[in-house]
Amino acid sequence: MGTGTVAIVDYGLGNLRSVAGAVKRAGFALRITCRTEELEKADKLILPGVGAFGDGMKNLRERGLVETLTELVIRRKKPILGICLGCQLLARESEEFGRHAGLGWLAGAVVRLRPADPALRVPHVGWDDLVQKRESILFRGIAPDALFYYVHSYYVQPDDPSLVYGECDYGMKFPAVLQRDNIYATQFHPEKSQRQGLDLLKNFLDNA
Amino acid sequence: MLRKRLVTVLTFNDGVLFRTKEFQPDYRYTLNFVDAWAVDEIVVLDVTRPGTGDRENFYGVVELFSERCFVPLSAGGGVRNIEDFRRLLNLGADKVVINTAALERPEFISEAAALYGAQCVVVSMDAKKKERGDYEVYSHFGARPTGQSPAGWAKRAEELGAGEIFVTAIDRDGSLEGYDNELNRLVSEAVKIPVLVCGGAGNWQHFVDGFVQGKAAAVCTACIYHFTDTSIRSAKKYLATAGIPVRTA
């Protein structure tokens, strides 16, 4: 068993079961929760999510999670991994279905994928590359040609390019892994990316 | 570069894995569950005919797969309404496959897409070539002609918010004779969303043909002899040699 407990933030969106299955497989005890006490007790947080940005923020607000998570992540520096929509929610704002404010922990905006080649379909769905741009604890033991599963129409464009640790090219380059201090985010789904995904998730749980 | 997908389709009758031939049960093969690292995606379909068997058994299967398989999981078969749709997502499916209910009430596609996002709505269609050479979509497990053309229905489904189209050639089901790529191409060229093709794959070259001639984003196989990790790996190797970009993990 890994040491420490993991809280998977439950805000009513996304496939919590498969994230939970992957954390379990990595050998960590976990809680799926939106309760402050349980989030406080956890050593690591995971913000999963599938769906629309506006709904995601609305759900976080309704559950009082914006304040709780900001306290834990920004002030107490608890490590967090945002996945897919959970990655996008960390940004300042999104242009998906109108303008929405995000958590604002990563300076940047969520914008739509606009591949130059019209033959490339959006959403970007399937197995694609992760080009490792900077050294990260997430990438330990991950082969440079490992593939990950993506399903999204938007991505985070940070103001500061040094936040980009991994990149994918879908008719245009976009950030696949972002990182700042104790905040980690992947646009792809590690919990749906077979062995490589489980390894990357375990890296976060072991080393963050 | 986005890789082409090789998808394993598993059909379940009353919670038991089984194989079909021309949409009829073929019980020669039973449970042969492999933890295959090379598979790109799994589709589980409940083909229990209404009134026979207990649907709870299928829900148990979806739960089992979602906890143990770390690849995208689609589930469907007999999904009638938003409640059925939600239940499958809550059990851990990433996408839900809808067929007859969407034909009967096309707004179902929009409702599901608005609630859960287009990426999790897979519209499946079963089609057959008619005597005069054109194709028709069938509903109710391939039993009832609908009067709709596959390309027309695919286009409509896309407009209503479908994220992917899953097309099956009824006459090729279990035949091992290869995909109906005339049908596949008609559908693929009608829409911009990814098209998954199913029905008839019997050898690795059929997968290549599905991508090249059928213009598929993903080729599916429901044939039990493809289910081992080694055979998926060797299929991927064959595809890569043929110049198809695939994930060869």
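Contact here means heavy atoms within 4.5 Å, and helices (H or I, at least four residues) and strands (E, at least two) are DSSP runs numbered from the N terminus. The model is predicted, with local features needing pLDDT of at least 70, side-chain atom pairs counting only at pLDDT 80 or more, and totals for chains, interfaces and linings using all residues. Residues are numbered from 1 along each chain as its sequence is written, chains are lettered from A and ligands numbered from 1 in the order in which they are written, and side-chain values use heavy atoms, leaving out hydrogens and water.

Helix H1 of chain A spans residues 16-25. Because 7 of its 10 residues are buried, H1(A) is largely enclosed by the rest of the structure; buried means under 20% relative accessible area, exposed over 50%, and partly exposed in between (1.4 Å probe, protein chains only). Among the buried residues are A:Leu16, A:Val19 and A:Val23. The buried residues pack against strands E1 (5-9), E2 (29-33) and E3 (44-47) and helix H6 (194-207) of chain A, together with H1 of chain B. Just after H1(A), A:Gly27 takes a positive phi of about 95°.

The contact is made by A:Arg17, A:Ser18, A:Gly21 and A:Arg25 of H1(A) and by B:Glu63, B:Ser66, B:Glu67 and B:Arg68 of H1(B).

Elsewhere in chain B, B:Val187 lies in helix H6 (residues 181-190). B:Val187 counts as buried because its relative accessibility is 0%. Its C-alpha atom is separated by 9.4 Å from that of B:Ser149, 38 residues apart along the chain.

Definitions and conventions:
Axes fitted to C-alpha atoms, helices over the stretch in contact; angles between N-to-C directions.
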